[in-house]
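Me: I would like to learn how to read the features of a model such as the one shown here, taking them in turn. Could you give me the general idea each time, and then the case in hand?

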There are 2 protein chains.
Amino acid sequence: MSTVGKAVSLLELFTLAEPEIGLSDLARKAGLDKATARRLLMALAERRLIEQESQSRRYRLGAGLSRLARIRDAHFPFVRLAAPVVRDLSIETGETVHLSEFSAGALLTVHVELSAKANRVNVDVGQVLPLHGTPSGIAFLAASRPEVVSAYLDGPLQPFSQHTMTQPDRLMEAVRLAASRGYSRSAQGYEEGVHSIGAAILGSDGNPIGTLAVASPVSRVDDAVAASQGEAAIKAARLISVRLTGEA
Amino acid sequence: MSTVGKAVSLLELFTLAEPEIGLSDLARKAGLDKATARRLLMALAERRLIEQESQSRRYRLGAGLSRLARIRDAHFPFVRLAAPVVRDLSIETGETVHLSEFSAGALLTVHVELSAKANRVNVDVGQVLPLHGTPSGIAFLAASRPEVVSAYLDGPLQPFSQHTMTQPDRLMEAVRLAASRGYSRSAQGYEEGVHSIGAAILGSDGNPIGTLAVASPVSRVDDAVAASQGEAAIKAARLISVRLTGEA
DNA sequence: AACGACGGTTCACATAATGAACCACATTTA
DNA sequence: TAAATGTGGTTCATTATGTGAACCGTCGTT
């Protein structure tokens, strides 16, 4: 792995649940030597992507990240504009809704609104979803240009779990169904007991830039519920597209 | 410079005014070879800190930055909580107000609310302010523990402009005055024609974590105005402290 | 006082980064 | 038209950079 990759992997160890980590722990989790981890951390700290708590000597993410994220967000306000719509969709359906953004050939989960119910699906921000085998990915492909879809399906399709669909022809079929309906549907396709509805969010050029997905426990969903979730998801996705592209 | 430093310096080239940059341009601005810049960009893109627009082939900041910034922000919601207060202070005083966060031995400007007036002071988000020679820095030192102040003043004090104060004894005097008043004041200390009032924002342990500053054209400020700006700045800084530490 | 954890440092060694020269392509200039 | 200049991207011998085992000192526990 490149040195830069290692440095970024250190940043990725910080989570909502564990926002401050000590040196030894950090090195262990990243699979790096303590000296190496420290050198990388010092380089990151110099650029303010990492900070060190002066008394506990633990490390945390730095203010420079907030700064860079603000620049990106001003230019590309996807999460900021989409979050309230995602929230409304979660309230309307009573289920967990997650928002993903297309980045580097996959979907990155950038926002989650959890269901208020006790029995709910939990999704973590930061999770990377492959385009194949997840309802979000299928919805994304269904909204993509045909040549993009076939180029993707011709490439290598790594199975991410035992449920992952890797046969190009079956994927193509799922994509076609999603394209005709406007949303994708999958019962237990990605994880045991989870039912998902996915819809694509379009950018100004008509190409998809991300997705949202309604994730429910299978026990709460029948065909009628799925259909109403699908329609609601389409409406929400379109609303986000409209807000992003300026009423286009 | 370390490889990691070079990679981060590439990220830092993106600004609000120029959020997308091509490879050659990026390499030139960073002072790197094109091949080197590209390798670093690919490493960053793999971790989603950089994205490449597929048609124009230009690069921009990636979604991974938003993700990391969210984690930091949830743990340390400085900007989120302070921004509305800064906004109110800007409206109340009619002047530009900027918010800085202490990070790695200096103050990083993380938020700015510009004055609505035509003749106003402009401040850029991302600017790094040294602790000496800026009103924000003096206010920060004035709120720091005495041993921290003397340790800092004993270290090397680089002059950042011809106006920078580098004599420890004069700085100490300015710090003492700021400590007794609760805010710092500087007319043209940092930049020609700019009058500034700075106030420190305290964290839960009583130590300063950042500052806010009211920046006005000197022509609009006399002693009475400065005093009222100072009182308003103190109130705003305290309000942020209270909100941050949970009504403490 | 002996132990084990911590954060941090050193330096001989090896790997990973470097950059001049090179594509192919698109605009602009002569 | 054809040369010139720009772009993004690639190659590979050279070398500078990153690496990690072993080493501090310190802290809190046993």
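Me: At what angle do helix α6 (residues 135-143) of chain A and helix α8 (residues 168-181) of chain A pack?

Reply: Two packed helices are described by the angle between their axes and the distance between the axes. In this predicted model, α6(A) and α8(A) pack at an angle of about 70 degrees, with their axes 8 Å apart. The axes are lines fitted to C-alpha atoms, for helices over the stretch in contact, and the angles run from 0 to 180 degrees between N-to-C directions. Angles under 35 degrees count as roughly parallel, over 145 as roughly antiparallel, 65 to 115 as roughly perpendicular and the rest as oblique; α6(A) and α8(A) are therefore roughly perpendicular to each other. Helices (H or I, at least four residues) and strands (E, at least two) are DSSP runs, numbered from the N terminus.

Me: Which residues of α6(A) and α8(A) meet?

Reply: Contact means heavy atoms within 4.5 Å. From α6(A), Ile138(A), Leu141(A) and Ala142(A) meet Leu171(A), Ala174(A), Val175(A), Ala178(A) and Ala179(A) of α8(A). By class, this contact has eight nonpolar, no polar and no charged residues, where Ala, Val, Leu, Ile, Met, Phe, Trp, Tyr, Cys and Pro count as nonpolar, Asp, Glu, Lys and Arg as charged, and the others, Gly among them, as polar.

Me: In what order do the six strands of the open sheet in chain B lie?

Reply: Two strands pair if DSSP finds at least two bridges between them. The order is β6-β5-β4-β9-β8-β7, with antiparallel pairing, and the edge strands β6 (128-129) and β7 (184-187) of chain B each pair on one side only. Helix α4 (residues 63-75) of chain A packs on this sheet, touching β4 and β5 of chain B, and its direction makes about 30 degrees with that of β5(B).

Me: Is strand β9 (residues 208-217) of chain B buried or exposed?

Reply: Buried means under 20% relative accessible area, exposed over 50%, partly exposed in between (1.4 Å probe, protein chains only). In β9(B), 10 of the 10 residues are buried, so this strand is largely enclosed by the rest of the structure. Strand β4 (residues 96-103) of chain B is joined to β9(B) by six bridges in the antiparallel sense, and His98(B) has Ala213(B) as its bridge partner there. Strand β8 (residues 194-202) of chain B pairs antiparallel with β9(B) over nine bridges, Ile201(B) standing opposite Gly210(B). The hairpin of β8(B) and β9(B) has five residues between the strands, and Gly206(B) takes a positive phi near 90 degrees in it.

Me: How are chain A and chain B related?

Reply: Chain A can be laid on chain B with an RMSD of 0.1 Å by a turn of 180 degrees and a shift of 0.0 Å along the axis; the copies are superposed by least squares on the C-alpha atoms of residues with pLDDT of at least 70 in both. The two copies are thus related as by a two-fold rotation axis, and in chain A the C-alpha nearest that axis, 2.7 Å from it, is that of Val4(A). Of the interface residues of chain A, 100% are also interface residues in chain B, so the copies meet through the same surface.

Me: What does Ser103(A) touch?

Reply: Ser103(A), found in strand β4 (residues 96-103) of chain A, counts as buried at 1% relative accessibility. Not counting residues up to four places away in sequence, Ser103(A) touches Arg48(B), Glu51(B) and Ala63(B).

Me: Which conventions lie behind the numbering and the values?

Reply: Residues are numbered from 1 along each chain as its sequence is written, while chains are lettered from A and ligands numbered from 1 in the order in which they are written. Local features need pLDDT of at least 70, side-chain atom pairs count only at pLDDT 80 or more, and totals for chains, interfaces and linings use all residues, while side-chain values use heavy atoms, hydrogens and water being left out.
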